Amino acid sequence: MLPYTPGEQPAPGKTVKLNTNENPYPPNPTVVAAIQNAATGALNRYPDPVATAFRRAAAEALGLPGPEWILAGNGSDEILTILVRGFVGENQKLRLPYPSYILYRTLADIQGATWEQVAFEDGWKLPAAFGNTPDDVRLVFLPNPNSPSGTVLSLEEVESLAAQMTCPLVVDEAYADFSGANCIDLVKKHENILVTRTLSKSYGLAGLRFGFLIAQPHVVSELAKIKDSYNCDMLSIAAATAAISDKTWLGDVVAKMNATRDRMTDRLTQMGFDVTPSYANFVWCTHPSGQHHAMYEFLKNNQILVRYMQFPDWGDGLRISVGTDDQIDALFMLLESHLKNL
Ligand SMILES: *Cc1c(COP(=O)(O)O)cnc(C)c1O
């Protein structure tokens, strides 16, 4: 099988990382304190197998009736694994939009399942056929906001696609905190709408590995049967509980990053890029010169990593994560000098 290739992780140092949509800002100090506190506790004991403290805090923060609506995981990637393992058997299929998050395909490969892609139409809309699932399609993934585009489908569109489906629809909300909308209310109404979340992006905790599922309680309790018994460790449960409880910190960092994102959109557009309006913490852009790979190389040689992405039968471009304002200014300067020499 083909391996999934994550974005490059250079040794810590001078490199400006704008390639994997991490948060450029350090996490909430209360999270670091919670880890330190947990580390002086009972590390000789196994952690709570179902992360009850986190699930209570998350239910409270997200306006859910209770912890039974949440399943905690070792990163949302683990939640995605559990979903594929639970719903898609050998020789059955999962469906995903194209281009979107390639990891879903790898997860299908691991299960001996297959996958099919439905291409986005102009304007990053999905055809109605996306919701039309034959019997062998057992799970549909929809990143919303999507990566690499940063675009969103409205709640009405998500709801009407799910209504047509004969299988669960997983709305991967890794970037929903940046978009100002989410599908949690749809989960309350429809048992076949499932939402996944991560603390890696908006909460600035990619190094921690913590994500979770929001689904109706009977779905959560079935999926809990197939997770590893102690899938989340004591330090990450303590950290995630502190993180999810502080909505003020989240609101502040999201506002700051969204302002930088809008500045990136404006400036890159002025430079001649075609920038897709983004609802996430990154922008997708293409340039009429088509020199995307050369730009990626040039930036990398100058210690700025962005993501060059190439999708067969579709095209290529650059996905650039929101950094600090200083990092983004350095990016603008380099790109401007490069474009002058084209
Ligand atoms: C980053 C990302 C994830 C992975 O999140 P982790 O919690 O770090 O595993 C999942 N889905 C999408 C679309 C992402 O971009």
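Exposed means over 50% relative accessible area, buried under 20%, and partly exposed in between, with a 1.4 Å probe and protein chains only. By that scale L342, at 51% relative accessibility, counts as exposed. The structure is a predicted model, in which local features need pLDDT of at least 70, side-chain atom pairs count only at pLDDT 80 or more, and totals for chains, interfaces and linings use all residues. Residues are numbered from 1 along each chain as its sequence is written, and side-chain values use heavy atoms, with hydrogens and water left out.

**Ligand site**

- The ligand sits in the largest pocket. A pocket is an open set of points on a 1 Å grid over the protein atoms alone, where a 1.4 Å probe fits and protein lies on both sides within 12 Å along at least five of seven lines; a molecule sits in a pocket if more than half of its atoms lie within 2 Å of its grid points.
- Around the ligand are G75, S76, D77, Y101, D172, A174, Y175, T198, S200, K201 and R209, where a residue is near a molecule if one of its heavy atoms lies within 4 Å of it.
- This shell divides into three nonpolar, four polar and four charged residues. Ala, Val, Leu, Ile, Met, Phe, Trp, Tyr, Cys and Pro count as nonpolar, Asp, Glu, Lys and Arg as charged, and the others, Gly among them, as polar.

- A polar side-chain atom of Y175 lies 2.5 Å from a ligand oxygen atom.
- An N or O atom in the side chain of D172 is 2.6 Å from a nitrogen atom of the ligand.
- D77 contributes a polar backbone atom, 2.9 Å from an oxygen atom of the ligand.
- On its own the ligand has 390 Å² of accessible area, of which the protein covers 92%; accessible areas come from the Shrake-Rupley method with a 1.4 Å probe.

**Backbone features**

- Helices (H or I, at least four residues) and strands (E, at least two) are DSSP runs, numbered from the N terminus.
- Y98 and P99 are joined by a cis peptide bond with omega of about -5°, and P99 lies in the loop between β3 (93-98) and α4 (103-110).
- A cis peptide bond also joins S147 and P148, with omega about 15°; P148 is placed in the loop between β5 (137-143) and α5 (155-164).
- N91 is not a glycine, although its phi is positive, at about 65°. N91 belongs to the loop between α3 (76-87) and β3 and is exposed, with a relative accessible area of 63%.
- Q303, likewise not a glycine, has a positive phi of about 65°. Q303 lies in the loop between α10 (292-301) and β11 (304-311) and counts as partly exposed at 34% relative accessibility.

**Further positions in the fold**

- L342 lies in the segment after α11 (325-340). The C-alpha atoms of L342 and L299 are separated by 14 Å, the two residues being 43 residues apart along the chain.
- I193, in strand β7 (residues 193-198), is buried, with a relative accessible area of 0%. I193 and A163 are 30 residues apart in sequence and 9.2 Å apart, C-alpha to C-alpha.
- V220, in helix α7 (residues 217-224), counts as buried at 5% relative accessibility. V220 and V283 are 63 residues apart in sequence and 33 Å apart, C-alpha to C-alpha.

How values were computed:
Polar contact = N/O pair within 3.5 Å; in protein donor to acceptor, adjacent residues only side chain to side chain. 1 Å grid on protein atoms, 1.4 Å probe; cavity = no way out; pocket = protein on both sides within 12 Å on 5 of 7 lines; lining within 4 Å.
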